[in-house]
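Take a moment to look over the sequence and the model. We will walk through a few parts of the fold, one at a time.

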Amino acid sequence: MPEGRLLSTERSEDSNGTLLRSLDTRICCAFDLRNEVCSGSFQKSFSTAWWMQTGLFELILIRFQHKLFLNMNLSMTIKWSARVRLFRNTATLLHSRRLSNDIHTSDLSKSDHTVSEEIQEQPRRPRRAPHTASVFLFPGQGSQFVGMGRGLLKYGNVKEMFSVAQKVLGYDLLSLCLNGPEKDLMKTVHCQPAVFVCSLAAVERLNHENPAAIESCVAAAGFSVGEFSALVFSGAMDFAEAMFAVKVRAEAMQKASDQVASGMLSVIGRHQTNYKHACLQAREHCLSLGIQEPVCAIANYLFPDGRVIAGHKEALDFLQEHSRKLLFSRTRMLPVSGAFHTPLMESAMEPLRDVLRQIEIRCPEIAVHSNVDGKRYMHDKHIQKQLAKQLVSPVKWEQTLHEIYERAQGREFPHTYEVGPSRQLGSTIQKCNMKAFKNYTHVDVVLPED
């Protein structure tokens, strides 16, 4: 077996003596396996279920060589990491899943096939009462700020996550998050990976401060790029591969944004405001200016009478100039570089589709809701399809919140944790469901350093 080292695998036991494992068991890095894999000397397949049951993660001994990683072809890196799939097992699919620690040593002699069958036959965890359950929300682009991540390096695998991100991205993401410059952090190509990693770093913080919140999570949702954080948290994706997908997504969206002058406009309307008709008037205005196939459409449904409209810059200028006539109470241009979640992002779909075909995607072990329609993901192909479609479809966040929090009158609400920079998602909950907001907590990405 090749030599190497593992990331830390902190363990804690609750009063029932069951083993909890933190998010760090789901960090999948690209490791140096060229010699072992290509020579065929690393052909033995270890049962992922057996790793989970015995808790012997120390058996996965893989060498991580920084210098070789930098010179490796990234697509081959993903293929090699997929061969061994560090931490890819049932324990990785469900954050901090409770495991029985009374496994007999005789189980070690069981075949991989037998143990895998037994794990598949095990029932899911019992349903939790709403007041004992938690929901995680992951923010998206626009929540970033210089200084995020400060103080979180002492938790779990935060350092390792930033180290892996640097290898995948090719630049020092941690330095950019901590020190800026702001104009670089605000670029789509940089801020999406930054928000992705910092949100998962916030999960590490929460796991340290309140592991019961991790254990009791039954549902998650992410805003735009935040969906990737939610999917990693749910075990549907491995960290390093999701990091690569976010990189490709951000670069493709940046390229699409650079092709045409466009943007996004936050709009607060009134009960009688007709947003779609306003967009139609803006498109007609663009046609009068000679712009062919103009785009102006609702990109985000945030809360009642709260929308983000995206499209050609001329269309957004028209909306601002005629805001009173269109019954807009307030408008504000967002600090983004393009018209995300509109047809202007169509050129970014194929690069993202390609990378989603390369990486392994699994069915989430908790409910993860799609931005496209607010419904929960059902299987891996569903995730592939919706993540690509999301680029050109409006983010139906208000509908997602209704899906998560809809319940019979008198039934209690779960605890909600917004894990990541800013409190923007908390504000949408407050406007959509005040009862749910009463159980809201923000897990920040900044702590005073010792």
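**A walk through the fold**

Start at Pro-181, which sits in the loop between α8 (173–179) and α9 (182–185). From Gly-180 to Pro-181 the bond is cis, with omega near 10°. Keep in mind that this is a predicted model.

Now step back to the whole protein. It has 20 helices and twelve strands. The chain holds 450 residues, and 57% of them count as buried. Next, consider contacts with a separation of 6 or more. Residues 24 or more positions apart account for 79% of these contacts.

Move on to helix α10, which covers residues 188–209. Its partner here is helix α12, residues 226–234. How are two packed helices described? The angle between their axes and the distance between the axes describe them. For α10 and α12, the angle is about 40° and the axes are 9 Å apart. That angle makes α10 oblique to α12. The crossing of α10 past α12 is right-handed. Which residues make the contact? On α10 they are Phe-196, Ser-199, Leu-200 and Val-203. On α12 they are Phe-228, Ser-229, Val-232 and Phe-233. Sort the residues of this contact by class, and you find six nonpolar, two polar and no charged residues.

Glu-209 and Tyr-155 are 54 residues apart along the chain, yet their C-alpha atoms are separated by 9.8 Å.

Two serines come next. Ser-224 is found in the loop between β4 (217–222) and α12. Its phi is near 55°, a positive value in a residue other than glycine. Ser-224 has a relative accessible area of 8%, so it is buried. Ser-422 lies in the loop between β11 (415–419) and α19 (424–432). Phi of Ser-422 is near 65°, again a positive value in a residue other than glycine. Ser-422 is partly exposed, with a relative accessible area of 22%.

Turn to helix α15, residues 313–321. Its buried residues are Ala-315, Leu-316, Phe-318 and Leu-319. Look down the axis of α15. The buried residues fall within an arc of 155°, so they line one face of the helix. What do they pack against? Their partners are the strands β5 (262–269), β6 (296–303), β7 (306–312) and β8 (328–333), along with helix α14 (275–288).

α14 and α15 pack at an angle of about 125°, and their axes are 9 Å apart. The two helices, α14 and α15, are therefore oblique to each other. Their crossing is right-handed. From α14, the residues Ala-278, Gln-281, Ala-282, His-285 and Cys-286 take part. They meet Glu-314, Ala-315, Phe-318 and Leu-319 in α15. By class, the contact of α14 with α15 has six nonpolar, two polar and one charged residue.

End in strand β6, where Asn-300 has its place. At 6% relative accessibility, Asn-300 counts as buried. What does Asn-300 touch, leaving aside its neighbours within four places in sequence? Asn-300 is in contact with Phe-223, Met-264, Gly-306, Arg-307, Val-308, His-341 and Val-395.

Key
Residues are numbered from 1 along each chain as its sequence is written. This is a predicted model: local features need pLDDT of at least 70, side-chain atom pairs count only at pLDDT 80 or more; totals for chains, interfaces and linings use all residues. Side-chain values use heavy atoms; hydrogens and water are left out. Axes are lines fitted to C-alpha atoms, for helices over the stretch in contact, and angles run from 0 to 180 degrees between N-to-C directions. Helices (H or I, at least four residues) and strands (E, at least two) are DSSP runs, numbered from the N terminus. Angles under 35 degrees count as roughly parallel, over 145 as roughly antiparallel, 65 to 115 as roughly perpendicular and the rest as oblique. A crossing is left-handed if the near helix is turned anticlockwise from the far one by less than a right angle, and right-handed if clockwise. Contact means heavy atoms within 4.5 Å. Ala, Val, Leu, Ile, Met, Phe, Trp, Tyr, Cys and Pro count as nonpolar, Asp, Glu, Lys and Arg as charged, and the others, Gly among them, as polar. Buried means under 20% relative accessible area, exposed over 50%, partly exposed in between (1.4 Å probe, protein chains only). The arc is that of the directions from the helix axis to the C-beta atoms.
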